[in-house]
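Take a look at the sequence and the model below.

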Amino acid sequence: MSSSRHIDNNAPVYVKGHVDLQGSQFSPGVIQKLKAWIQSKTQHLLKAVNSNDTDYSVYTGKTGLAMLFLRLADTIYKGTSFEEELVKAARSVCDSAQKFLRGKRITFLCGDAGPLALSAVLAHREGNEGNYNCCISELQSMVDRCCNDSGLPDEMLYGRAGFLFSLLFVRKHCGNHAIADSALSQVCQSIIKSGSTNAGVSHAGIPLKYEWHEKEYIGAAHGYLGILFQLLHPDLLKLDVVQSSLNLIKETLDIVIDMRFQSGNFPSSVGNNNDKLVQWCHGAPGAVNTLIRAYQVFSDAKYLDAAAKCCDVIWDRGLLLKGYGICHGTAGNAYAFLEMFKATKNEKYLYHALKFGEWCLEYGKHGCRVPDRPLSLYEGLAGTVYFLVDLTNPENAGFPGYEI
């Protein structure tokens with residue numbers, strides 16, 4: 001072990017023509033091994049639906065399990081007799097979740113918007129027009145609060161960017177008609193205005209300034225990288241408010257990139273000089289999506305180069321003692337490799353994702369910390385299963401609750 005946070009990565013260096021890789025696909029043996037492990041855990045997770053737990057968040061609660069069940073129904077179990085059982089379990093969770101919405105938080109991961117968005121997608125899938133319209137109406141009613149609540153942060157877990165993701169998620173799965181461009185414009189404008197106002201008041205020297213709990217976080221969960229990633233979504237680039245703010249977004253991102261450590265990793269917050277966190281929520285793993293999207297939007301190779309350096313850091317320090325989850329665990333770190341593979345088609349990154357996946361197949365055998373929510377999507381087993389499902393079809397992989 002090289003530190004108290006990660007375990008040394010002793011996997012062999014990638015060599016072109018690796019036996020487990022066949023172009024952009026894995027060998028049948030690899031796929032069979034992954035699917036067998038996934039199937040062994042699915043029944044265990046299904047039993048959790050009947051627990052007395054009243055946490056219905058996507059992040060640590062039952063709606064996160066529902067999101068996994070839908071992914072499984074559309075991939076591993078599609079066309080089988082088990083597909084409908086998974087959809088039924090997801091529906092049961094989402095129906096129950098609507099009774100426990102508290103009206104306090106509005107985001108996808110930790111608030112009401114997540115269960116509402118999943119419920120809308122399920123209702124649309126099944127032709128339940130009444131429930132669909134109800135969920136869409138509830139989401140639409142949250143737009144004004146998102147835009148007008150001056151105490152609301154802008155980050156992913158509890159803020160405006162997390163609500164914005166909810167709207168984009170519904171549009172992807174239900175069609176653009178589900179959420180009007182005007183609603184997206186309102187939310188984007190509120191995020192950009194908030195950042196611009198904060199920057200002006202504090203004379204920060206950055207075009208858009210974002211804080212959470214009076215600290216300028218960098219990472220995907222609470223900071224700049226997560227907010228800017230959502231604003232650069234392809235569906236939003238056609239909006240006038242985003243188009244007119246692209247220079248502000250780019251200049252802000254460039255300043256954040258300049259804060260990198262020499263290693264290529266990112267600090268957890270502005271002014272933090274401790275190069276220690278390598279996880280999706282804080283550090284290089286959460287930066288890769290944003291850097292790749294910036295490369296695609298601005299056509300500047302410096303962003304792809306920065307993403308590659310992030311992946312080097314993750315390969316070296318990404319096997320985390322915190323566990324196997326996606327927020328701050330090995331599976332979440334491995335998503336960065338899948339994103340780089342999709343963007344570059346470089347088989348090295350597919351190999352790296354596989355090696356992290358093989359590590360996850362030995363779930364619980366490395367002395368890692370047991371998470372507070374051991375079955376959950378973002379901290380526990382469900383997130384690891386979700387990653388391994390995506391590993392079986394890397395071209396269509398996407399970090400759940402973050403990437404559309």
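Of the 15 residues of α6, 13 are buried, so this helix is largely enclosed by the rest of the structure. Keep in mind that the model is predicted. From its first C-alpha to its last, α6 reaches 21 Å, close to the 21 Å expected at 1.5 Å a residue. G175 follows the helix with a positive phi, near 105 degrees.

Helix α7 covers residues 181-202. It has 22 residues and reaches 32 Å from first C-alpha to last, close to the 32 Å expected at 1.5 Å a residue. What covers them?

**After α7**

Just after α7, H203 takes a positive phi of about 50 degrees. Further on, two residues in the loop between α7 and α8 also call for a look: H213 and E214. H213 has a positive phi and is not a glycine. E214 is not a glycine either, yet its phi is positive. Are they buried or exposed? H213 has 64% relative accessibility, so it counts as exposed. E214 has 76%, so it counts as exposed too.

| Residue | Phi | Relative accessibility |
|---|---|---|
| H213 | near 55 degrees | 64% |
| E214 | about 60 degrees | 76% |

**The core**

In soluble globular proteins, nonpolar side chains tend to be buried together. Here, the largest nonpolar core has 153 residues. Which residues have the most contacts inside this core? They are F69, F163, W280 and Y378.

**The cysteines**

A disulfide is a covalent bond between the sulfur atoms of two cysteines. How many disulfides does the chain have? With a cut-off of 2.5 Å between the sulfur atoms, the count comes to zero. C94 is in no disulfide, and its nearest cysteine sulfur, that of C135, is 8.4 Å away. C134 is in no disulfide either; for C134 the nearest cysteine sulfur is again that of C135, 5.6 Å away. C94 has 2% relative accessibility, so it counts as buried. C134 has 39%, so it counts as partly exposed.

**The whole chain**

Now step back. The chain has 15 helices and two strands. Its radius of gyration is 20 Å, close to the 22 Å that the globule rule gives for 404 residues, so the chain is as compact as a globular protein of that length. Its C-alpha atoms fill a box of roughly 55 × 55 × 35 Å along the principal axes.

How much of the chain is buried? Buried residues make up 60% of the 404. Among contacts with a separation of 6 or more, 67% join residues 24 or more positions apart.

Conventions
Residues numbered from 1 in each chain as written. Predicted model: local features only at pLDDT ≥ 70, side-chain atom pairs only at ≥ 80, totals over all residues. Heavy atoms only, no water. Helix = DSSP H or I, 4+ residues; strand = E, 2+ residues; numbered from the N terminus. Expected span 1.5 Å × (residues − 1). Core = buried A, V, L, I, M, F, W, Y, C linked by side-chain atoms within 4.5 Å. Buried < 20%, exposed > 50% of the residue type's maximum accessible area, 1.4 Å probe, protein only. Rg over C-alpha atoms; globule rule 2.2 N^0.38 Å. Contact = heavy atoms within 4.5 Å.
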